[in-house]
Amino acid sequence: MCDIRLRHVGMAFGEKRIFSDLSLTFSSPGRYAILGPSGRGKTTLLRLIAGLERPQSGEVLLPRDARIAFCFQEDRLLPFKTVRGNVSLVCGSDEIAQTWLERVGLGSEGDSYPASLSGGMKRRAALARALAFDADILLMDEPFRALDEATHAQMRALVCEAAKDKLLILVTHDEADADGMTVVRI
């Protein structure tokens, strides 16, 4: 099991208090949607879980050997690597990378560089990279932004399918993305 527990977490940036005594449990397998207004700490919550931030008080507990994939708000593709190269960095295989590129509709773009892709294509490449890692825990921060309505629906279905036996924590402003998920409002 890859359950995550936050116990009495406190976090502030300067004078701005983000969390005060936040306690949550995310049980695996499970799908969670984090909803809330901008500036409430949704991204900070994911960063705490991923270990990219440390709480100022309290603790974040997760399994020691858990594999975590993070799809950031920004695509964060390496400009000097091809799209396939960006994906294969996390899975160690061009074949697996190509399979995920095909699943996100970028099968013919494997040899392209990120600079030649549209915003929506970059977003799908970032999704392919996160999913190719085959993590136990998927952290996704606004993973469907910059996607048209049809592609958004396809990518949401793909993420949900890929996460069926995993723990998915998805930050979104779109209430429809939370359908079928446990909603956590912060």
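**Figure 1. The residue D134 follows helix α4 in this predicted model.** The phi angle of D134 is positive, near 55°. Helix α4 itself comprises residues 119-132.

**Figure 2. Helix α4 is largely enclosed by the rest of the structure, because 12 of its 14 residues are buried.** The buried residues of α4 are G120, M121, R123, R124, A125, A126, L127, A128, R129, A130, L131 and A132. Elements that cover these residues include the strands β5 (68-71) and β6 (137-141), together with the helices α2 (83-91), α3 (94-103) and α5.

**Figure 3. Helices α4 and α5 pack against each other at an angle of about 5°.** Two packed helices are described by the angle between their axes and the distance between the axes. Here the axes of α4 and α5 (residues 149-162) lie 11 Å apart. Angles under 35 degrees count as roughly parallel, and α4 and α5 are therefore roughly parallel to each other. On the side of α4, the contact is made by R124, L127 and L131; on the side of α5, by T151, M155, L158, V159 and A162. These contact residues divide into six nonpolar, one polar and one charged.

**Figure 4. The structure holds zero disulfides.** A disulfide is a covalent bond between the sulfur atoms of two cysteines. For C160, the nearest cysteine sulfur is that of C71, 13 Å away. C160 counts as buried because its relative accessibility is 8%. C91 is likewise in no disulfide, and its nearest cysteine sulfur, that of C71, is 15 Å away.

Definitions and conventions: Residues are numbered from 1 along each chain as its sequence is written. This is a predicted model: local features need pLDDT of at least 70, side-chain atom pairs count only at pLDDT 80 or more; totals for chains, interfaces and linings use all residues. Side-chain values use heavy atoms; hydrogens and water are left out. Axes are lines fitted to C-alpha atoms, for helices over the stretch in contact, and angles run from 0 to 180 degrees between N-to-C directions. Helices (H or I, at least four residues) and strands (E, at least two) are DSSP runs, numbered from the N terminus. Angles under 35 degrees count as roughly parallel, over 145 as roughly antiparallel, 65 to 115 as roughly perpendicular and the rest as oblique. Contact means heavy atoms within 4.5 Å. Ala, Val, Leu, Ile, Met, Phe, Trp, Tyr, Cys and Pro count as nonpolar, Asp, Glu, Lys and Arg as charged, and the others, Gly among them, as polar. A disulfide is a pair of cysteine sulfur atoms within 2.5 Å. Buried means under 20% relative accessible area, exposed over 50%, partly exposed in between (1.4 Å probe, protein chains only).
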